[in-house]
Amino acid sequence: MSNSRLMPSPICLVENVNGSLCVCKDAIEFLGRIKEPVVVVSVVGLYRTGKSYLMNRLAGQQSGFALGNTIESKTKGIWMWCVPHPYKEGHTLVLLDTEGLGDVDKGDSKNDGWIFCLAVLLSSTLVYNSRGTIDNDAVEKLHYVSELAEKIKIRSAEAADEEEEEEEEEDSKYVIFFPSFIWVVRDFTLELVIDGKKVAEDEYLEFALRLKKGVNKKISNYNLPRQCIRTYFPSRNCFVFPSPASPENMTRLESLQERDLVQDFLEVTDRFCKHIFDKSLVKTLKGGHKVTGKLLGNLVQIYVETISSGKVPCLDNAVVTLANLENQAAVQEALKVYQSGMEEENVDICYVDLLKENEMASERKCRDLLKNLFSDMNKRLQNGEYSQSGGYELYCRDRDAIVEQYRREPNKGVSAEAVLNEFLNERGAEANSILYTDTKLTENDRKIQEEKEKNALLKQKCKEEEEKLNESERMRVAENKRQEDQMRQMEEKFKQEMEQQQQEMDRAIESKLKEREELLNKGFKEKADLMYEEINNLKKENEEREKSSGGFMEKFVMPVAKVVAGVLPSILQYRVLMKGIKKY
């Protein structure tokens with residue numbers, strides 16, 4: 001992996017000051033410069049459980065996130081490290097290290113839940129780090145997962161009221177939007193054996209998340225965090241790590257070389273990193289929109305501001321707010337392209353100004369060119385070379401040669417023929433004067449020559465009009481092609497988003513089917529029946545979405561494309577108009 005060319009070391013993304021969360025401007029500005037998709041991996045867990053070490057390894061570095069060697073928690077708030085993704089070219093891996101949950105120094109730990117909530121909202125993979133074993137005490141310490149339904153809403157209150165969606169139905173949809181879940185167990189000393197049979201790490205996790213039968217309060221409290229993990233997260237994995245080094249070396253873990261670490265620990269670390277790199281998906285929003293670094297920065301600001309105001313983050317509202325921000329940014333970007341450094345104006349005025357500037361620049365160049373080309377001929381005129389027998393024929397030959405040379409000159413701009421026509425008209429009297437002084441010509445010849453002059457000027461006028469028509473046709477063809485390309489791009493983007501939504505839905509249904517099968521196998525028929533209803537609801541929603549997608553293209557995407565095409569002047573048109581100016 002590269003040496004973190006995007007960011008040399010972690011920076012604070014969300015600061016936690018006396019229990020209040022606020023975003024760090026420098027981190028948001030850094031994310032704003034990342035235009036490519038991001039894979040976001042967050043690590044959460046109790047303080048002093050070695051979270052930061054894993055994140056350093058994911059970054060391909062020995063150090064970076066502060067490890068510390070005392071009982072004091074080193075990470076406050078959320079720290080971020082952006083590095084090139086080692087497996088996916090053109091993607092950025094964003095690592096988020098959260099402050100330790102349950103830090104005794106904090107006193108008021110109410111924001112622990114919000115730190116956990118932010119990690120869930122921002123990540124595509126959530127890593128929960130703990131020590132020892134996954135026993136009931138470890139699961140109960142993960143009580144934050146039971147609070148997610150209270151701290152995160154999928155739909156706005158208005159939308160939920162309109163559709164009268166029950167809270168239980170909304171709970172079943174978290175699996176579509178939540179990240180993958182990985183439980184990392186550090187300093188694991190037991191054998192992975194259940195009922196005398198050796199099991200895999202993932203099986204160990206599923207065993208620890210088994211539900212108990214019964215309806216009393218104690219059993220309900222026991223089942224709640226387990227049920228939430230099973231319900232909310234689309235995929236679950238587990239990695240168990242032995243102790244990395246001898247007790248005397250644990251206090252200087254950051255400075256240890258690989259040869260000083262336990263081999264089994266290194267092997268599990270390598271498997272863990274490869275799993276993250278290979279399986280972690282690009283962060284997406286509701287609707288399948290891929291998140292870039294810039295969008296991630298906006299998301300952080302939206303969620304932190306919502307939490308700070310005392311409200312509950314909502315996935316729907318976040319998408320709407322992001323769409324508004326992106327639309328505003330698109331308009332500003334369009335203005336910058338068309339203004340090219342001029343003072344801020346509206347697009348129409350800017351376009352007209354550019355058109356006038358282009359014509360004036362073309363006129364200046366063409367007049368200067370004609371002046372230079374006719375300079376020698378003007379000298380001959382002043383010397384009287386055309387005021388003699390045969391002078392008119394010589395004059396016409398010289399003039400026509402200069403016109404041909406003028407037309408061969410490249411990059412004259414849109415006013416080339418108009419300026420030539422005006423120039424020849426201005427010299428018409430001069431040509432007639434030479435014609436009348438040419439004693440060689442008879443009266444009849446002079447009339448014929450006069451008619452030729454008129455025809456030549458008329459032909460030149462026709463050529464000017466033809467050039468204007470050709471230019472108009474070129475611009476029309478370019479505009480049609482631009483609109484066709486724009487429509488095609490919008491259709492492709494829409495199809496990609498539909499495919500992404502389908503993948504999310506398939507993943508959610510697959511997770512629910514697996515969960516239902518496990519419930520049936522364990523004898524939880526009533527819960528399995530409820531799960532069957534959830535699956536049917538998801539399938540029904542999926543079918544309705546597929547049916548409506550075609551109508552959405554016809555009723556929304558296609559009309560919007562036409563409107564967009566008419567709002568801003570074509571970039572291709574702009575390039576045609578500016579082509580002459582750039583080379584003057």
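Are Glu206 and Arg230 buried or exposed? Select both and look. Glu206 is buried, and so is Arg230 (buried is under 20% relative accessible area, exposed over 50%, partly exposed in between, with a 1.4 Å probe and protein chains only).

Before moving on, note that this is a predicted model, where local features need pLDDT of at least 70, side-chain atom pairs count only at pLDDT 80 or more, and totals for chains, interfaces and linings use all residues. Residues are numbered from 1 along each chain as its sequence is written, and side-chain values use heavy atoms, leaving out hydrogens and water.

**Stop 1: Glu206 and Arg230.** Show their side chains. They form a salt bridge, with the closest N and O atoms 3.9 Å apart (the rule: a side-chain nitrogen of Lys or Arg within 4 Å of a carboxyl oxygen of Asp or Glu). Glu206 sits in helix 9 (residues 201–208) and Arg230 in helix 10 (residues 217–232), so the pair links distant parts of the chain, 24 residues apart (helices are DSSP runs of H or I, at least four residues, numbered from the N terminus). Glu206, Arg230 and Arg236 are linked in a network of salt bridges.

**Stop 2: Lys274 and Asp270.** Their side chains meet in a salt bridge at 3.3 Å, N to O. Both lie in helix 11 (residues 263–279), four residues apart, which means about one helical turn separates them. Lys274 is partly exposed at 44% relative accessible area. Asp270 is partly exposed too, at 36%.

**Stop 3: Arg367 and Glu422.** Here the closest N and O atoms of the salt bridge are 3.6 Å apart. The pair joins helix 14 (residues 347–373) to helix 17 (residues 416–426), 55 residues apart.

Across the model, the count is 16 salt bridges.

How values were computed: Helix = DSSP H or I, 4+ residues; strand = E, 2+ residues; numbered from the N terminus.
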